[in-house]
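User: Hi! I'd like to learn how to read the contact between two chains. Could you walk me through it?

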Amino acid sequence: MRIVIVGAGQVGSTIVEALHAEHDISVIDVARERLEPLAYRFDVGTFEANGASRKALQDAGVDKADLFIACTSRDEVNLVACSFARVEAPKATTVIRTSNVEYIQLWRAGRLDVDFAVSSELETAHAVSRSIGMPAARQTDVFARGQVQIVEFDVPEGADPSLVGTPLREARIPDDSRVLAIIREESMTLPRGDEMMEEGDRIVVIGSPEAARAWGTLLAPGAGTVEDVVVFGGGQVGTAIARTLRAQGIGVRLIEAQRERAREVAEELPGCRVYNTSGIDPDFLERERIGQAQAAVFAMKEDTKNHYAATLARVHGVPFTIAVVHDTISTQVYEYSGVDVTINPRAVTAEEIVRFAHDPRTQQVTMLEGDRYEVLDITTQPTSEYVGLRFRDMPIRGAMIGAIVRDGSALFPRGDDVLQAGDRVIVFTETSRVPDVEKVL
Amino acid sequence: MSPTRGGAVAGAERRIAPTRRAAVDIRGSLSLVGMLLKYLSFATLMPAVLAIGYHESVVPFVGATAIAFTVGLALERGFAGATSIGFREGYLVVALTWVAAAAFGALPYVLSGDPQLDRPVDALFESMSGFTTTGATVLTDVDAVDRSLLMWRQFTQWLGGMGIIVLALAVLPRLRVGGRQLLESELPGPEIDQLADRIRDTARRLWLLYVALTAALFTALVAIGVIGKDGMGPYDALGHAFTTMPTGGFSTEPDSIAGFDAATQWVIVVFMIVAGMNFALLYRALVRRRPGRVLGDEELRVYLAVLAIGAIVIATEIWDEGFATGERAIRDGVFQATSLMTTTGFSTFDFAGWPTLALMTLVAMMFVGGCAGSTAGSIKVVRHVLLGKSLRRELRQTVHPEEVIPIRLNRRVLDERTLRAATAFILLYVGIFVVGAGVIAVDAAFQGPDLTPIDAIAAAATTLGNVGPGLGVAGPIGSFEGFSDVSTTAMMLLMWLGRLEVIPVIVLATRRYWTN
């Protein structure tokens with residue numbers, strides 16, 4: 001597939017990284033310093049030009065593109081680039097990144113001439129809200145209209161012995177779920193029944209939402225439903241998070257240091273309590289009992305501030321902290337200092353956009369552990385060698401089927417179940433094996 | 001400014017510097033007031049027609065037209081020239097227009113030679129009370145006054161209700177000024193609700209609705225008069241339609257509404273309630289058929305709730321104390337609560353003799369008033385609502401000092417300035433009321449009449465709130481005739497201040513208004 005990407009920032013780079021191996025990619029950006037590293041690392045064409053220029057797009061060969069992605073940080077550039085691409089390559093699928101919720105709404109209402117619109121803010125907000133709904137999880141995503149949930153857990157110390165340290169086939173695993181992968185010190189296994197989980201492992205679980213919740217309580221007992229979340233930072237991301245959480249009936253308190261912005265957020269979100277303060281004032285944290293919140297989300301503009309505030313919040317007793325990271329490197333700092341979940345808006349956005357580059361049969365993709373593993377949602381072809389096999393007889397070749405969607409409803413297959421042609425399967429695999437998996441199914 | 005400083009562009013320099021004009025364009029304002037008076041002078045032709053029909057003297061009306069027209073024309077022409085009527089002149093124009101209107105309205109009373117009204121102070125009081133839709137009167141014997149003159153009295157209230165300037169904006173070919181500032185100064189309430197893009201169309205729609213409602217009330221009253229036993233004839237119906245819709249309160253009968261039957265009284269209750277509602281909202285409900293938004297309006301809900309509570313308290317009290325029973329007690333309670341809260345001032349009973357709780361409730365309701373954008377006077381419900389919300393926020397912020405709490409009305413966030421203005425208005429209003437009550441009480445101690453403290457309070461509250469009747473000698477069947485000229489003048493000022501919602505008049509008394 002020929003792909004033209006406008007914007008070589010973090011989002012653009014992540015997309016290139018995920019797609020360069022199987023596709024022909026051209027990248028357009030105004031900044032040479034962003035293009036050069038891409039050109040050296042990957043086999044892609046780079047064009048130093050303004051993406052909102054028709055000529056630049058023509059030079060980059062937009063007329064032959066199958067997929068056009070405009071993912072600069074500026075909405076207007078993306079929109080203009082996309083409208084040019086629409087004319088030059090009427091058959092190409094177009095994707096824009098936008099930070100304006102209004103554009104997303106317009107796109108959903110069919111009033112914006114692009115095929116897909118992705119908002120970093122909304123994707124981040126959804127990621128945060130999924131984590132908050134599942135406090136023990138490192139990451140979680142849903143498939144098949146919410147019928148299937150994928151969750152990545154840390155196995156804590158002192159976990160239930162009927163679950164941990166017991167071979168999987170004997171362990172008391174919640175119904176309608178299975179362990180897709182066990183990640184132990186950088187190495188990943190796709191477990192058979194004789195494997196067992198150990199303390200300190202990271203596991204990937206697939207199951208119904210109920211089963212996922214059951215896993216959550218097994219691995220993090222005592223973490224009940226969340227009612228009180230404090231969001232630090234009232235920028236676009238923080239506001240989107242607060243709005244999403246409010247929509248789920250979760251009580252939100254938001255802290256914003258800039259007076260005018262605090263006022264704007266308070267006006268925009270009537271159900272949300274907004275405080276105009278820095279968030280790192282211990283007196284304030286004490287007075288407002290921030291420590292009693294069940295979770296805190298750090299969505300301020302600077303990673304260092306978020307880091308400090310998150311640590312302070314933990315000192316004050318907030319049990320669950322989620323940080324929005326802007327610089328990839330910060331993720332390690334956060335994890336080292338004990339922040340429970342980190343979410344990188346650009347990575348989340350890239351992941352959402354990469355979904356459109358896959359085989360047309362592939363409906364959805366989630367990346368785990370950065371971009372090392374992917375979860376795919378693929379429709380099986382009648383010619384696939386796996387069709388007609390019982391699950392227990394399937395060879396494991398670096399991929400594991402976690403669930404199938406048949407006639408619109410999800411099944412979690414047991415060993416005796418048989419894969420049928422036309423089933424949608426939800427598969428876990430390493431990113432490098434994605435093309436093989438798509439081919440084989 | 002010297003041309004060297006700042007190196008300003010020559011053209012810009014020329015525009016800023018040369019017209020060495022006063023901070024306020026007084027000449028232009030007077031010219032505009034003159035023009036308004038010129039047109040207003042034709043208003044007396046309405047009672048003149050009646051006078052011909054009733055074989056009464058037309059001299060007072062035609063004379064008033066002639067004098068007012070001449071003065072108006074003289075002012076308009078005398079101060080004609082390049083004017084710059086802007087934001088600041090708006091206050092002066094509005095304030096002066098209402099003085100001019102009151103003076104013009106007094107002319108027929110003086111010219112008529114009617115013994116109760118021909119003293120200039122009395123005539124001016126009656127006229128000011130008319131235009132400001134107060135309804136306080138110096139008449140002691142209504143029946144002795146010519147019918148055409150009485151109808152003029154009713155008509156002044158109708159003209160003043162929706163506003164003289166709003167009327168001018170609606171019907172005059174063109175005012176040389178933007179109009180928005182004038183409209184804001186004259187229409188009651190903290191902010192105006194535009195019904196159309198052009199101020200003129202907004203003014204037209206408001207007046208149209210006002211005329212339609214008046215016509216509906218007139219028809220209803222006449223219909224009841226035809227069917228019922230003690231209803232109104234066409235003359236009374238017109239007279240009372242003219243004073244119900246502007247929440248005025250003048251009556252063509254000595255005992256106000258008391259002599260009419262229950263159906264008439266209930267109809268008037270309904271129209272008083274309507275007159276106390278926001279006309280822009282009413283327009284949306286009736287003309288654009290969007291009743292949902294009207295029923296959900298926060299101010300309207302509070303308005304109706306306060307009205308209901310007041311009515312229940314009064315009805316219970318007078319029933320309990322034996323002043324009336326059954327439907328009569330309910331009707332009197334509802335009628336009087338509605339009449340005083342909407343600042344109309346009609347009465348079905350001489351409530352001055354009611355028990356203290358009922359009286360206190362009535363006086364308290366005088367301070368509530370109707371909705372913003374209605375024809376009612378006083379503080380207005382919305383300002384009470386805003387004050388309440390501000391206070392609640394203060395309390396919340398005492399505990400949570402960092403919390404940012406925008407105040408919303410009907411889910412819309414309000415400007416902090418609007419909130420401050422509402423609070424300032426209430427403080428000014430109460431301050432003026434206290435001063436007014438003090439002046440009246442002190443003056444009454446020297447020159448009569450015999451007033452209790454609550455009577456003095458009621459007299460100030462009733463005139464400042466444009467309600468009408470007070471308590472004691474100035475009660476619903478009494479008259480303000482017994483007050484000295486000092487008190488009468490003070491009360492005229494209160495009516496004027498009250499009708500223009502204090503601020504446009506008070507700013508004229510500040511030095512910074514007249515200097516740059």
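Analyst: Happy to! Let's begin with strand pairing: two strands pair if DSSP finds at least two bridges between them. In this predicted model, β14(A) and strand β1 of chain B, residues 403-404, are joined by 2 bridges and run antiparallel.

User: Which residue of β1(B) does Y275(A) stand opposite?

Analyst: Y275(A) faces E403(B) there.

User: How many residues does each chain bring to the contact?

Analyst: Chain A contributes 14 residues and chain B 13 residues. Together the two chains bury about 1100 Å², with 50% of that area on carbon and sulfur atoms. On the chain A side, R263(A), E267(A) and R287(A) provide 41% of the area buried against chain B, more than any other three residues.

User: How many salt bridges cross the interface of chain A and chain B?

Analyst: For a salt bridge, look for a side-chain nitrogen of Lys or Arg within 4 Å of a carboxyl oxygen of Asp or Glu. The rule finds 2 across this interface. One salt bridge links the side chains of R287(A) and E402(B), at 2.8 Å from N to O.

User: Which elements of chain A supply at least two residues each to the side that touches chain B?

Analyst: Those are α9 (259-268), β14 (273-276) and α10 (282-287). Sorted by class, this side of chain A holds 7 nonpolar, 2 polar and 5 charged residues.

Conventions: Residues numbered from 1 in each chain as written. Chains lettered and ligands numbered in written order. Predicted model: local features only at pLDDT ≥ 70, side-chain atom pairs only at ≥ 80, totals over all residues. Heavy atoms only, no water. Contact = heavy atoms within 4.5 Å. Buried area = accessible area lost by both parts, 1.4 Å probe. Helix = DSSP H or I, 4+ residues; strand = E, 2+ residues; numbered from the N terminus. Nonpolar A, V, L, I, M, F, W, Y, C, P; charged D, E, K, R; others polar.
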